[in-house]
Amino acid sequence: TNSGTATGFGGGKCLAVVQTVLVTQPTSTTNDWVDISGFTVTTGTLASTSSKCLVTVHAHVGQSTSQGIYLRLLRGSTVIYVGTGEAASNSSWNASMIGSYAGATSASIQSDTATFLDSPSSTSAQTYKVQWRTISGTVYLNKDSAGSYGKMPSSIMVMEIGA
């Protein structure tokens, strides 16, 4: 058995935590990427340019049709966590999360989660937000289209991790 005191370990500590919990029920009918109203969080000034930001998004999404709901994560105006590899004609549909209801009733609701370790390489405060789009119909946050399954909260949490 070895014993002793570890020294020189400064990285990996959680330096700050910020969170936004959204309980309102915003809606959208657009098939272009748009911000989800109020679904944003801003950090304080980061401790160093080597700090990482662990971003966790939890969203409850519902829709009025059996089409898909697409969500993506951004830092400021930069998309930071989406799939790639779609044909050029479909690349604008690359997303962080998707709610798909093929064959489901209009009262469906789905819980989506995304976690991403971001490297902003800056000491400036960072703003993270979620955008969404739909193929058709109306999409809802925090409820289903009929309101029959109750209301749920959604959240974005950011933890600054020291390097």
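D118 forms a salt bridge with R75, and the closest N and O atoms are 2.7 Å apart. By salt bridge I mean a side-chain nitrogen of Lys or Arg within 4 Å of a carboxyl oxygen of Asp or Glu. D118 lies in strand 8 (residues 109–118) and R75 in strand 5 (residues 68–75), so the pair ties together parts that are 43 residues apart in sequence. Strands here are DSSP runs of E, at least two residues, and helices are runs of H or I, at least four; both are numbered from the N terminus. D118 and R75 are both buried. Buried means under 20% relative accessible area, exposed over 50%, partly exposed in between, with a 1.4 Å probe and protein chains only.

A word on the source. This is a predicted model: local features need pLDDT of at least 70, side-chain atom pairs count only at pLDDT 80 or more, and totals for chains, interfaces and linings use all residues. Residues are numbered from 1 along each chain as its sequence is written, and side-chain values use heavy atoms, with hydrogens and water left out.

How many salt bridges does the rule give? Two. K129 pairs with D35, with 3.1 Å between the closest N and O atoms. K129 sits in strand 9 (residues 127–134) and D35 in strand 3 (residues 34–42), 94 residues apart. K129 counts as buried because its relative accessibility is 19%. D35, at 41%, counts as partly exposed.

Now the whole chain. The protein has zero helices and eleven strands. Of its 163 residues, 38% count as buried. Take contacts, meaning heavy atoms within 4.5 Å. Among those between residues at least 6 apart in sequence, 82% join residues at least 24 apart.
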